[in-house]
Amino acid sequence: MKIKVYQIVPERDKQNVKFTGLDELEKYQGSKAVNAALYEEVFDGEVDRTTLEGVYELFNIDIPPLHRGHSMSVSDVVKTDDGFYFCDRFGFQKTEFDEALATKPKNLVRVVYVEPGKPAYAAEIENTLRGIQRAVGGYIQTASNEDGTVIVCNEEGKLNSLPANRRLASDVLVGNFFVIGTKGADFRSLTDEETGKYLKRFATPEEIEEGEVEKAADIRFYPE
């Protein structure tokens, strides 16, 4: 399901309500209202869970690579199609949350993100080396699409036996990868047209046999 996750930024938390349950908010700030101005968006994407309890487990055991925050804890807010939910001491409580007051990092860029066995989806990643490496789970390698965009994947994906993902010409991409725009030597957000193009191109997961990956193992592509 599609979710967003918000977490309190410590520098804004003058009343020390981070990691505080709903019942305790009144003690510290005089009401149980969740102050969205304290929060920053730390995740916006698809997860293979159907319940909030499943989301909590995911963000503590197998944290999604595009997550920019800490493991999920008390005081976090999750947005679903049904509204906003506060992560309380026990379970989740539906809450009012003025999303317009929350912030997000200014260095995010839009990409098309592709995971093995899943349809591609639009996402945002931090335009830093750390953020880009985190998105693919290691050192990066790029392949030009010859249209002002590149594919970014894990340089050591085949060495580390990451799962097969998509075919690319005579090669096989393994592990998570994404498509991003380029401007000279820098990365940039994809345009709406580019986003639609690659969402369509990688919409359908591919079944790839192990032998096909091994056959393509000697094929390498290099940064622009």
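Asp48 sits partly exposed, at a relative accessible area of 49% (buried means under 20%, exposed over 50% and partly exposed in between, with a 1.4 Å probe and protein chains only). Keep in mind that this is a predicted model, where local features need pLDDT of at least 70, side-chain atom pairs count only at pLDDT 80 or more, and totals for chains, interfaces and linings use all residues. Residues are numbered from 1 along each chain as its sequence is written, and side-chain values use heavy atoms, with hydrogens and water left out.

**Salt bridges**

- The structure holds 18 salt bridges, each one a side-chain nitrogen of Lys or Arg within 4 Å of a carboxyl oxygen of Asp or Glu.
- Asp48 pairs up with Lys118 in one of them, with the closest N and O atoms 4.0 Å apart. This pair links distant parts of the chain, 70 residues apart: Lys118 is in the loop between strand S6 (108–114) and strand S7 (121–126), and Asp48 is in the loop between strand S2 (39–46) and helix H2 (52–61). Helices (H or I, at least four residues) and strands (E, at least two) are DSSP runs, numbered from the N terminus.
- Lys118 is partly exposed too, with a relative accessible area of 24%.
- Glu99 and Lys79 meet in another salt bridge, at 3.0 Å from N to O. Here the partners are 20 residues apart, with Glu99 in the loop between strand S5 (92–95) and S6, and Lys79 in strand S3 (residues 77–80).
- Glu99 comes out partly exposed at 24% relative accessibility, and Lys79 is partly exposed at 27%.
- Asp171 and Lys158 form a salt bridge at 2.5 Å, N to O. Asp171 lies in strand S11 (residues 171–174) and Lys158 in the loop between strand S9 (149–154) and strand S10 (164–168), so the pair ties together parts that are 13 residues apart in sequence.
- Asp171 counts as buried, at 6% relative accessibility, whereas Lys158 is partly exposed at 26%.

- On a 1 Å grid over the protein atoms alone, a pocket is an open set of points with protein on both sides within 12 Å along at least five of seven lines, a cavity is a set where a 1.4 Å probe fits but cannot get out, and lining residues have an atom within 4 Å of a point. Points are joined across faces, edges and corners, and a volume is the space filled by probe spheres set on them.

**Cavities**

- There are 2 cavities of 30 Å³ or more.
- The largest cavity has a volume of about 50 Å³, and its lining includes Ile8, Val17, Leu38, Tyr39 and Phe86. That lining has 8 nonpolar, 4 polar and no charged residues.
- The second largest cavity comes to about 30 Å³. Among the residues lining it are Pro65, Arg68, Glu124 and Arg134.

Terms used:
Ala, Val, Leu, Ile, Met, Phe, Trp, Tyr, Cys and Pro count as nonpolar, Asp, Glu, Lys and Arg as charged, and the others, Gly among them, as polar.
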